[in-house]
Amino acid sequence: MTAPILALRGVTRSFGPIEVLHGVDFALHPGEVHALIGENGAGKSTAMKILAGYLDPTGGEVLLDGTPIRFAGSDQAEDLGIIMIHQEFNLAEHLAVDQNVFLGRELKRGWLLDHKAMRARTAELLASLECRVDPAEPVRRISVPDKQMVEIAKALSRKARVLIMDEPTAVLTERETEVLFRQIERLRAEGVAILYTSHKLGEVSRIADRVTVLRDGTMVRSDPAAGLTQDDMAAAMVGRELSDLYPAKAAGGAEPVLEVEDLAVPGLVEDVSLTLRRGEVLGIGGLVGSGRTELAEAIVGLRPRSGTVRLKGRELAPERVAEAMRAGLVYLTEDRKGAGLLLEKSLRENLTLPLLETFGWPLIDRRREEAALDKAIADFAIRAPQRGMAVGNLSGGNQQKLLLAKTLLSDPDVIIIDEPTRGIDIGTKQQIYGLIAGLAAEGRSIIVISSEMPELIGLASRVVVMHAGRKAGELAGEAVTEGGIVRLAMGMEQTARDNAA
Amino acid sequence: MSGTASISKNRARGARRPDLRVIGPLVALVALVLIGMALNPNFLSYANITNVLARSAFIGIIAIGMTFVITAGGLDLSVGSMAAFVAGLAILVMNALAGSMAGLPVLLLGIALALLSGLAAGFINGILITRAGIEAFILTLGTMGIYRSLVTWLADGGTLSLGYELRELYRPVYYGGLFGVSWPIIVFALLAVLGEVVMRHTAFGRHCAAIGSNEKVARYSSVAVTRVKLATYVILGLLVGIAVVMYVPRLGSASATTGLLWELEAIAAVIIGGTLLKGGFGRVWGTVVGVLILSLIGNLLNLTDFVSPYLNGAIQGVVIILAVVLQRDTGAAR
């Protein structure tokens with residue numbers, strides 16, 4: 001095997017008195033895709049930031065081409081060809097795509113910017129990513145998956161020797177993920193060392209040559225991917241055998257609880273009808289951008305709509321989200337940080353926000369709020385180091401559990417959960433799946449919107465698939481398969497199955 | 001921000017931890033008082049203190065409302081002009097009615113008119129910002145110019161003065177009081193306590209902070225975002241009306257220069273008090289401290305010949321900048 005480009009040797013890292021990495025060793029070889037996996041809080045991000053020069057190790061050393069190095073900062077690491085693609089976008093929203101790609105490394109002709117060359121080069125990079133975004137478009141106007149592609153194009157535009165990718169596929173559809181993988185394979189063939197993290201173990205098996213598993217800051221195994229099954233990886237991450245990831249499906253009654261008829265959101269959703277029965281988990285699948293989220297937001301009243309929505313036989317007025325909540329219909333957003341939680345506020349303030357009036361009027365009763373938080377922490381197994389801490393400092397999994405607690409505070413009958421497990425680790429995923437099944441068993445009805453096929457198949461007894469703003473079809477029982485969902489999601493089987501059902 | 005939130009919580013739970021960022025404005029206020037005592041023995045005299053407080057009351061009452069607007073992520077630049085316009089309008093109407101009615105009813109009508117027109121002006125700002133979606137800064141910059149120009153036009157470029165009899169009748173509202181404390185101070189104190197309770201202990205206050213922190217999250221959490229934002233501007237307008245009711249009897253007149261730069265003093269007081277200019281966190285007691293700091297600086301410069309009173313604005317400016325620097329540290333400490 002060739003010599004590693006970049007390696008960690010016995011690296012430890014502490015934040016204050018707490019050590020979060022305990023002597024981690026691993027090496028990135030040219031032409032190898034190295035997957036780093038672990039639960040949230042296992043130390044993946046810290047390890048990546050040390051590799052990319054954002055953080056210094058507390059102990060141990062970073063080796064570049066075999067010699068110890070201490071980066072002065074991420075800039076120096078970038079100059080040496082070590083590029084990191086962050087999970088959170090680092091894009092200037094108001095600048096154009098090409099301006100972002102070359103930000104800080106603008107091409108010049110004399111002392112003037114060479115706009116033409118930058119635009120052409122950006123177009124080339126995007127074409128290689130099969131991304132059809134106009135390089136002149138401001139970044140704020142492009143979709144989330146396109147933003148991810150722009151981030152990747154930005155990294156590709158630098159001469160990368162080491163590419164570190166922090167969950168690049170979290171917001172990508174399967175098709176986009178395939179395109180990304182082809183690029184990764186191309187880079188691998190060119191001899192770039194790639195470090196890749198993902199919570200999607202299927203992807204890890206598919207793309208990685210070597211897998212390193214972190215658990216609680218310790219490296220528990222580092223092996224060639226060929227000999228590892230997904231179950232092996234999950235077991236190593238969690239430290240125990242994950243018996244069935246998905247709980248048994250609830251049967252669901254016959255009584256319709258939520259009826260949607262001919263719902264339309266101008267330009268986004270057209271003529272969607274669906275019925276949700278008591279105690280049922282209904283899945284909504286489809287590509288990102290197929291109108292799933294917009295449909296859900298329109299149903300609960302967060303978007304203008306036409307068509308009718310009936311909850312327990314009573315019609316709900318459009319754009320009345322508070323009324324819908326009082327009637328027993330709530331929505332849990334896919335955008336945890338942008339629309340779900342107030343990141344700089346405490347757990348208590350976030351938990352009670354939708355229902356403050358019920359915690360005392362005119363004055364809020366702080367003790368009742370604290371009691372509600374106690375209950376939420378216990379019921380949802382939220383792990384927060386301090387009660388008064390800002391929610392933004394919680395791990396993604398704990399944020400998601402808090403968001404669930406907040407959404408369920410009003411004791412709803414119908415819960416629409418958009419991407420219940422985006423960006424959270426497998427242990428927490430299992431907890432959330434259990435919770436969803438528990439809610440259904442209590443006689444509540446749940447709609448789960450997800451881009452993860454196994455999640456839809458594992459949780460839902462019926463799946464509605466969206467394609468280009470329309471309902472492409474509906475699958476039930478044995479027909480709920482990955483192939484069936486994909487065919488509908490790609491628009492290959494317009495309504496045929498629907499009619500047959 | 002997160003620091004202050006968790007700290008205020010720690011305080012509530014009994015774990016007292018002094019933090020300069022939280023008590024900073026209070027420390028500055030105490031320091032100013034100590035400097036004042038050292039420089040001039042008259043500083044703590046009853047006359048001087050009541051004078052400072054009564055003068056602070058107008059800006060203070062407005063700044064309380066401004067705290068809610070800014071906490072909810074808004075801004076209102078029009079309050080100074082609005083005050084001048086409301087005062088001019090009330091004086092004009094009272095003078096017009098004076099011939100046909102007895103003094104007291106005229107006065108009461110004038111007061112009611114001031115309150116109502118303040119409320120209406122706030123409503124206009126609020127409805128245009130929330131429904132028509134105009135940026136608060138731009139809209140209130142516009143209404144600021146409109147009200148200033150309207151009062152100049154009403155006064156025909158000069159001064160609108162309240163008739164002599166009405167003025168005598170109205171005088172006690174500014175100069176009178178209870179137990180030697182004048183009415184403006186009493187009203188300011190009551191409104192400040194009320195404002196602090198509303199901000200910290202009611203759903204409305206919490207909703208303001210939630211909207212200022214992230215409007216989308218608030219909307220997705222079933223908070224009536226439009227209504228709450230509108231309410232902050234209406235409350236501010238009403239408080240401008242109350243401030244005018246207290247202010248008119250002081251001079252008995254209004255002109256093109258009435259209330260000049262009040263908006264900036266009110267905003268400065270809010271920021272010095274620790275409310276975040278970008279919204280998301282506000283505290284009314286801080287605003288009260290901010291108002292007192294600003295007026296004490298002016299008062300001290302007048303009482304001593306140490307520094308020229310002409311440098312008042314410069315020193316206030318330094319204090320404002322320092323306050324913002326402190327805020328930024330709060331953010332970085334997250």
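Which residue forms a salt bridge with R105(A)?

**Entry 1: ground rules**

I am reading a predicted model, in which local features need pLDDT of at least 70, side-chain atom pairs count only at pLDDT 80 or more, and totals for chains, interfaces and linings use all residues. Residues are numbered from 1 along each chain as its sequence is written, chains are lettered from A and ligands numbered from 1 in the order in which they are written, and side-chain values use heavy atoms, with hydrogens and water left out.

**Entry 2: salt bridges inside chain A**

I looked up R105(A) and found its partner to be E78(A), with the closest N and O atoms 3.4 Å apart. The rule I used takes a side-chain nitrogen of Lys or Arg within 4 Å of a carboxyl oxygen of Asp or Glu as a salt bridge. This pair links distant parts of the chain, 27 residues apart: R105(A) sits in the loop between α3 (97-101) and β7 (108-109), and E78(A) in helix α2 (residues 74-79). I noted that helices (H or I, at least four residues) and strands (E, at least two) are DSSP runs, numbered from the N terminus.

R105(A) has a relative accessible area of 33%, so I put it down as partly exposed. For that word, buried is under 20% relative accessible area, exposed is over 50%, and partly exposed is in between (1.4 Å probe, protein chains only).

Next I went to R348(A) and E369(A), whose side chains meet in a salt bridge at 3.1 Å, N to O. R348(A) belongs to helix α12 and E369(A) to helix α13, 21 residues apart. Are they buried or exposed? R348(A) counts as buried because its relative accessibility is 5%. E369(A) is buried too, because its relative accessible area is 0%.

E452(A) is in the loop between β20 (445-449) and α16 (453-459), while K429(A) is in helix α15 (residues 426-441), 23 residues away. Both of these residues are buried.

I also wrote down a network of salt bridges that links R348(A), E369(A), E370(A), D374(A), R387(A) and R206(B). Over all chains the count comes to 42 salt bridges.

**Entry 3: where A meets B**

How many residues does each chain give to the contact? I got 33 from chain A and 28 from chain B, with contact meaning heavy atoms within 4.5 Å. About 2,700 Å² is buried between the two chains, and carbon and sulfur atoms give 56% of that. Buried area here is the accessible area (1.4 Å probe) that two parts lose on being put together, summed over both.

I counted 3 salt bridges between chain A and chain B. K278(B) and E344(A) meet in a salt bridge through their side chains, at 3.9 Å, N to O. On the side of chain A that touches chain B, α10 (321-327), α11 (336-340), α12 (347-352) and α13 (366-379) each supply at least two residues. α11(A) gives the most, with 4 residues.

**Entry 4: S198(A)**

I found S198(A) in the loop between β10 (193-197) and α7 (201-207) of chain A. It counts as buried because its relative accessibility is 6%. A polar atom of its side chain lies 2.9 Å from the backbone nitrogen of K200(A). The side chains of S198(A) and E203(A) are joined by a polar contact of 3.3 Å. A polar contact is a pair of N or O atoms within 3.5 Å; within protein, one must be able to donate a hydrogen and the other to accept it, and residues adjacent in sequence count only if both atoms are side-chain atoms. Leaving out residues up to four places away in sequence, S198(A) touches L36(A), I37(A), E167(A), T169(A), E203(A) and V204(A).

**Entry 5: a covered helix**

My last stop was helix α9 (residues 292-300) of chain A, which is mostly covered, with 9 of its 9 residues buried. Among them are R292(A), E294(A) and E297(A). G301(A) follows α9(A), and its phi is positive, near 100 degrees.
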